[in-house]
2 protein chains.
Amino acid sequence: MAINWESKYCERANGIYGSMTRQLMHLIANPEVISFGGGLPASELFPVDQVKAITHDVLDQKGMAVLQYGTSEGYEPLRQAVVERYTQRGFDIGLENVLITSGAQQGIDLVSKLFVGKGDLIVVGDPTFLTALQTFNLFQADYLTVPVDAEGMQVERLPGILEARNVKFIYIMPNFQNPSGATLSLERRRQMMEIVRHYQVPVVEDDAYGELRYDGAHLPALKSMDPDGQVIYLGSFSKVLSPGIRVSALIAEKNLMEKLVFAKQAADLHTDNLAQHIIYEFMRRDLLDRHIARLIDFYRKRRDAMIQAMTTYLPVQVTWTTPQGGLFLWPTLPSGIDSGVLFEKAVEAKVAYVPGACYHAKGGGERSLRLNFTACSEAVIEEGIQRLATVINANQTS
Amino acid sequence: MAINWESKYCERANGIYGSMTRQLMHLIANPEVISFGGGLPASELFPVDQVKAITHDVLDQKGMAVLQYGTSEGYEPLRQAVVERYTQRGFDIGLENVLITSGAQQGIDLVSKLFVGKGDLIVVGDPTFLTALQTFNLFQADYLTVPVDAEGMQVERLPGILEARNVKFIYIMPNFQNPSGATLSLERRRQMMEIVRHYQVPVVEDDAYGELRYDGAHLPALKSMDPDGQVIYLGSFSKVLSPGIRVSALIAEKNLMEKLVFAKQAADLHTDNLAQHIIYEFMRRDLLDRHIARLIDFYRKRRDAMIQAMTTYLPVQVTWTTPQGGLFLWPTLPSGIDSGVLFEKAVEAKVAYVPGACYHAKGGGERSLRLNFTACSEAVIEEGIQRLATVINANQTS
C-alpha cells in the first residue's frame with residue numbers, strides 16, 4: 001500500500017505547486033521554438049578557456065584544500081575580495097559582513113528562514129521577481145505590493161503601507177528589475193532610505209543585474225546609503241560570469257551573521273569549494289571586469305536589436321520602456337490581448353516568452369510579457385519578434 | 001539607530017543558535033592540537049589528479065553547457081548513473097526518483113521543508129547525527145528518541161512510539177552511524193521495514209558512510225526493502241570522493257518529486273554544474289569504485305591503529321564497540337567523567353574530540369565522545385590517543 005503523503009506534509013508544503021514557468025519551459029523544449037522565455041546569459045560568451053586555466057591552476061596548487069570541507073561562511077580570500085570590490089562602491093563593510101551563498105537564490109532562502117513565518121508581511125514590487133516569490137510562498141508569506149513604473153518601485157507609497165504594520169522586509173531589485181527592466185531612480189533611492197530608516201524596516205536588495213548597465217552612469221546601491229545596516233544585499237556572479245557556477249555573496253550587518261551562518265550550515269554546510277575558487281581567481285586575476293565590459297558590448301547590441309525589431313514589426317499599440325541594462329524587455333500588449341492566453345498561440349508560431357501574470361504577487365499583469373534579449377543572436381531576435389508580431393496581429397480584436 | 005532585528009525575526013529564528021561544534025572548532029584552530037573532532041576524510045587521499053583531468057575534459061567538451069543554468073532535478077546523465085548504481089543494490093527506481101542535491105545536508109533541508117512544522121514529531125536515534133538535528137531544530141521539530149546500541153537503533157521500541165502519534169518520519173543512518181559507528185543489523189532492518197509499513201511512517205535513510213565498510217559484507221539498504229516507496233534515501237559522494245564538491249543524490253517516490261523539485265528550485269535553483277559533471281565522470285570512467293577500494297584500505301588501518309592505541313593507552317574502564325566502517329569511534333568514559341567538562345582540559349593537552357552530549361536530541365551522552373579516525377595518520381592517531389589517555393587518567397575520580 002502506497003503511503004498517504006498528504007497526511008505527512010506540513011502546512012508549508014501546501015504552498016508548493018508546480019511553477020508556471022517550469023511548466024512553460026517544458027512546452028518550449030522544441031528546438032524550433034525561439035525562446036525569449038528564459039533568463040539566460042549568452043552561452044557563447046562564457047569564458048570557458050579562462051575557467052579551464054583557472055581550475056587547472058587551482059587544483060594544481062590547492063587541490064587537497066579545495067576537495068576538503070570548507071567553512072560555512074565561505075572561502076576567506078573570496079570573502080575578502082568581495083569586501084574590496086564593494087568597498088569601492090561605497091559599502092562600509094568588512095569580512096564579518098560577507099557570507100558566500102550557493103547563488104543569490106540561496107540568499108533569499110536563508111533570509112526567509114530568519115524572517116518569514118506564516119502570514120508575515122513582505123513588501124514587493126508589482127511586478128516582482130518570480131523565483132523570489134516562490135521561496136517566500138514556501139515560507140507562507142503574505143504580500144503588500146507597490147506598483148513599479150519606469151523609475152522603479154513607487155516608493156512614495158511606502159509610508160502608507162509601512163504605517164502600523166510589522167513588515168518583515170521590503171524585497172527590491174533596484175537595477176534593471178526582473179521582469180520589468182525598470183531602474184529605481186536616484187531620487188527614489190534617497191527617498192526610500194529615508195522612509196525605511198524612519199519606519200525601521202529591513203530591505204533585501206537583490207542586485208543580480210546591476211553590473212550589466214548599457215547606458216548612463218551607475219547609481220549607488222541602497223546598501224551604500226545604509227549607515228545603520230538595515231539593508232541585506234544580495235550580489236551575484238551568475239549573470240556576469242556563469243550561472244552554472246553557483247556562487248553569490250550575501251552582505252549584511254554583523255548582528256545577523258550568526259543566525260545566517262547557522263542557517264547556511266543547516267542548508268548545505270557550505271558552498272562548493274571549486275566554484276568559490278574559480279570566482280575568486282577571476283577577481284584576483286583581474287579578469288572579471290574585463291569580461292563584464294565584453295558582455296556589456298554584446299548585450300547592448302542585442303537589446304538594441306530587439307527594440308529595433310519591436311519598433312519595426314510589432315503593432316504600434318504595443319508599448320515599452322527601454323531598460324538601461326539587465327536581461328529583459330517588458331512590453332505591454334494592446335487592451336483585449338491576454339499574454340497568458342496568447343502564449344499557446346505563440347508557441348504554435350514557434351516563439352516563446354513568459355506571461356506577465358507570473359510576476360504579480362496579487363494578480364494583474366495580463367497585458368505584459370517578459371522578453372529576454374541576451375540569449376539569442378541579433379538575427380534570431382529579429383526572426384522571433386517577427387513571429388511574435390504575426391501572433392499579436394492575428395489576435396488583435398479591433 | 002541600529003535596527004531592532006529581534007522584532008523582525010520569525011519564531012523559527014529563535015531555534016537558531018551558535019552550533020556547539022562550530023564553537024568547539026574555533027577552540028581547536030591551534031595547529032598543535034591533534035583533532036579527532038571533525039568528520040573529515042583524509043585530504044592526502046583525494047584524487048586531485050583525476051579531478052584535474054576530468055575538469056579539463058569536461059570544460060573542453062561541454063564548457064558552454066557546464067557554465068549555463070542547469071535543471072533543478074540535476075544533470076540527467078548523472079541522475080541516470082545514480083539509477084544504475086543503486087539498481088545494482090536492489091533499488092527499484094528510475095530517473096523520476098532521483099534529485100541531485102548540494103550535499104546530503106540539503107536533502108535533509110528539503111525533506112524538512114516538506115514535512116516539518118512547529119512541534120511536528122520526528123523519531124531519531126539516541127544518539128543521532130548533529131547537523132541533521134540542527135536542520136530539524138530550525139524547522140521547530142520535536143523529537144521522539146530511540147536508543148542506539150551496538151546493532152543500531154532498537155527498532156523493537158518503535159511500535160510503542162508510533163502508536164497513536166503522527167510521526168512525520170524516522171530519521172536513521174543505518175550504516176556506521178554518525179556518531180556511534182553502530183550498524184543496524186539485518187534482522188533489525190527487516191523488523192523496521194515491517195513496522196514502518198504497518199504504521200505507514202516515512203523513513204529518511206541517510207547513507208553517508210555505507211560504502212566505507214572495512215569488515216564483513218554489505219547489508220541491504222532500507223530503500224532496497226521498500227516496495228511501497230516510503231523510504232527517502234540520501235546518498236552522498238562527500239565521504240567517498242570529496243566533501244568540497246557538494247553533490248549528493250536524493251532518491252524518493254515519484255509522488256514526492258514535484259514538491260521536492262520545487263523546494264530545490266526555491267533553495268538554490270540547481271546544484272553547481274561543474275561539480276555534477278565531475279561526479280558523473282568519476283562514475284562513467286569507472287574510477288569511483290577503485291577509489292573507494294583505496295580509501296577502505298587506508299581507513300581500515302587507521303581505525304585499527306586507533307583501536308590499538310586505545311587498547312594500549314586508555315584506562316580499562318573506557319569501553320567501545322568496534323565499528324565495521326565509517327569515520328568514527330564512540331568510546332564511553334568511566335563513570336564520573338563528563339566528556340563536555342573534560343573537553344577544555346583535552347584541548348589544553350592538545351587533543352580534541354566532540355563531546356557526546358552534542359548528539360542527543362533530549363539530553364544524555366555525557367560519558368561519550370566522538371573520535372574521528374580517518375583524517376590523521378597512524379602516528380598522529382597514536383600520539384593523540386596518548387594525550388587523551390593522560391587527560392582521562394588525570395581526571396579519574398577513583
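The model is predicted, so local features need pLDDT of at least 70, side-chain atom pairs count only at pLDDT 80 or more, and totals for chains, interfaces and linings use all residues. Residues are numbered from 1 along each chain as its sequence is written, while chains are lettered from A and ligands numbered from 1 in the order in which they are written.

The complex receives an ipTM of 0.95 and a pTM of 0.96 from the predictor.

Helices (H or I, at least four residues) and strands (E, at least two) are DSSP runs numbered from the N terminus; two strands pair if DSSP finds at least two bridges between them. In chain A, 8 strands form an open sheet with mixed pairing, in the order E2-E9-E8-E7-E6-E3-E4-E5. Strands E2 (98–101) and E5 (152–153) of chain A stand at its edges, each with a single partner strand, so one side of each lacks a neighbour in the sheet. Strands E8 (residues 231–236) and E9 (residues 248–251) of chain A pair in the antiparallel sense over 4 bridges. Gly235(A) has Ala249(A) in E9(A) as its bridge partner.

Between the chains, 72 residues of chain B are in contact (C-beta atoms, placed from the backbone, within 7 Å) with 72 residues of chain A. H2(B) supplies the largest share of the side of chain B that touches chain A, 11 residues.

Conventions: Two residues are in contact if their C-beta atoms, placed from the backbone, lie within 7 Å.
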